[in-house]
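Subject: Structure handover

Hello,

Here is the structure I promised you. Please open it beside this email and follow along.

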Amino acid sequence: MALSSTVNSWTEWAPLEFICVGTAEGMCYPDETPSYPWHTGPPNLCSYIRAISGPRPRRRIEQAQAQLDNLAELLRAESIVVASSVDEIFDEDVRQVLTRKRTSLEKSSQTNTNDKTIQKNKIDVCRPVSSSQEELCFNHQLATPHFKSQYQFGLACPRDILITLGAIKKCRHLFTQCDTVVEAPTSAHIRYFESEYYKPLLYSLWRCDPNMKWLQPPKPTCSSIKMFNDVDYWEKINTKDFNKSIFANSGYKTNLNENEIAFDAADIVRMGKDVFYKKSASANNQGLYWLRRTFPNLRFHMMHFPTDGSYHLDTSLIPLRPPTSGSHGLVLLNQNYPPLASEMKLFTDNDWRSIWAPLHSTGEVPPLALCTGNLNANILSLNDHCVVIEECETPMYRLLHDELGFDVITCPLRVLNEFGGGIHCGTSVT
């Protein structure tokens with residue numbers, strides 16, 4: 001790929017060429033937010049758990065960071081260039097060395113001229129860095145006219161904050177020109193300034209790619225009065241009851257109202273010209289309206305999951321590969337959070353085969369985890385035939401490798417669950 005089109009991503013399964021891996025450094029137990037409850041745990045302990053905030057134990061940060069570093073090394077094994085920032089990757093002096101390569105067949109150097117070897121894609125990997133080069137920390141007070149936050153989330157999950165979209169044009173039977181990086185208008189005040197830490201990365205892309213566009217929707221206030229129905233909403237109800245019945249019975253209403261635009265990037269899944277958007281605790285209708293107006297050449301589809309009003313879509317709807325002349329497309333569904341059958345008709349009508357993901361190997365998570373253990377479907381596609389999954393998820397391995405014929409790379413990332421995500425959450429693709 002030419003460097004003039006560095007930012008270009010329109011599906012979840014296209015050959016991976018550039019990726020940002022998150023970091024656990026400096027992370028804290030964040031303040032609570034009226035958008036959705038961060039901490040999971042037994043209902044009788046919720047009031048205590050939600051009161052806990054502050055720096056995380058150094059030992060747990062080191063363990064999570066070691067797993068993220070291992071993920072970066074794993075990607076390097078797939079012909080990856082790893083750098084501490086994008087500036088190193090696109091430096092003029094090394095630009096020729098780091099020119100990306102398409103997968104291709106080349107003659108082997110052996111005597112037998114019929115032997116060929118497969119040349120893999122290059123995948124560039126970067127890590128978020130502080131523009132001031134100071135140590136990352138998220139235990140300093142932030143304040144706006146509408147809220148204060150003493151402990152913020154951190155940078156473990158870049159996929160939640162940044163996503164690449166853009167105008168769709170057809171060129172040589174491929175969709176191209178998806179060249180717009182969108183900073184998500186998150187409703188969580190503990191993530192209000194999170195995208196600032198990715199500015200060195202974004203400015204490097206901006207300087208290198210003359211086609212890149214960079215947008216941020218109107219920044220929400222995150223005001224507990226303006227954006228939410230009840231500041232104490234999550235203290236009054238059990239999240240299990242909310243997901244089981246309250247969410248669907250209320251007409252898919254959450255504590256987030258419709259006064260402002262709000263969504264996370266992980267509430268969106270891209271499948272070419274069709275983009276899917278989950279109605280959830282972090283994404284309202286106004287967010288969908290903004291996306292439709294801003295990208296009129298894309299078709300945005302609202303998805304509802306009656307038993308899951310929590311945030312983000314990338315554990316519930318995972319497209320693996322598109323339909324071809326010889327086979328169906330494959331889309332993975334989370335059997336704990338089935339979507340509306342009427343909304344899946346779009347897939348079946350267009351030759352997509354829905355597959356239920358197996359149940360997770362274990363649902364056990366620490367009591368202060370920022371997500372549930374139901375992240376076995378939170379996988380990273382390197383292309384339409386190779387995926388990375390959590391190494392303990394043997395049922396998922398059997399499904400993807402033994403039954404569906406994918407190349408499956410396993411990676412230990414279980415500790416990252418308590419920091420807020422899985423393998424897909426911990427990376428962001430451009």
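A disulfide is a pair of cysteine sulfur atoms within 2.5 Å. Keep that cut-off in mind for the next paragraph. One caution before we start: this is a predicted model.

**Cysteines**

How many disulfides does the structure hold? The count is 0. Take C28 as an example. Its closest cysteine sulfur belongs to C137, and the gap is 7.9 Å, which is too far for a bond. C28 is also buried, at 2% relative accessible area. C208 is another buried cysteine, with a value of 16%. Both fall under the 20% cut-off, so both count as buried.

C208 sits in helix α4, which covers residues 199-208. Of the 10 residues in this helix, 7 are buried, so the rest of the structure largely encloses α4. The buried ones are K199, P200, L201, L202, S204, L205 and C208.

**The annotated site**

Which residues does UniProt list for "active site"? The entry, which is unreviewed, gives D264, H312 and C425. They span 162 residues in sequence, yet no two of their C-alpha atoms are more than 11.4 Å apart, so the three gather at one spot.

Start with H312. You will find it in the loop between β17 (299-303) and β18. Is H312 buried or exposed? It is buried, with a relative accessible area of 5%. Its side chain makes a polar contact of 2.8 Å with the side chain of D264. Leaving out residues up to four places away in sequence, H312 touches D160, D264, A266, D267, K278, S280 and S282.

Now look at C425. This residue lies in the loop between β23 (407-411) and β24 (427-429). C425 counts as buried, at 4% relative accessibility. Setting aside neighbours within four places in sequence, its contacts are A156, C157, P158, R159, D160, D314 and N378. P158 deserves a look. P158 and C425 are 267 residues apart in sequence, but their C-alpha atoms are 6.7 Å apart in space.

Strands of a sheet pair through backbone hydrogen bonds, either parallel or antiparallel. Here, an open sheet has 3 strands in the order β18-β19-β20, and its pairing is mixed. Which strands form the edges? They are β18 (317-321) and β20 (352-357), each pairing on one side only. From one strand to the next, the twist averages 30°.

Strand β19 covers residues 329-334 and pairs with β20 in the parallel sense, over 6 bridges.

Best wishes

Terms used. Residues numbered from 1 in each chain as written. Predicted model: local features only at pLDDT ≥ 70, side-chain atom pairs only at ≥ 80, totals over all residues. Heavy atoms only, no water. Pairing = 2+ DSSP bridges. Helix = DSSP H or I, 4+ residues; strand = E, 2+ residues; numbered from the N terminus. Axes fitted to C-alpha atoms, helices over the stretch in contact; angles between N-to-C directions. Buried < 20%, exposed > 50% of the residue type's maximum accessible area, 1.4 Å probe, protein only. Contact = heavy atoms within 4.5 Å. UniProt positions renumbered as here; feature names shortened; annotations may be inferred. Polar contact = N/O pair within 3.5 Å; in protein donor to acceptor, adjacent residues only side chain to side chain.
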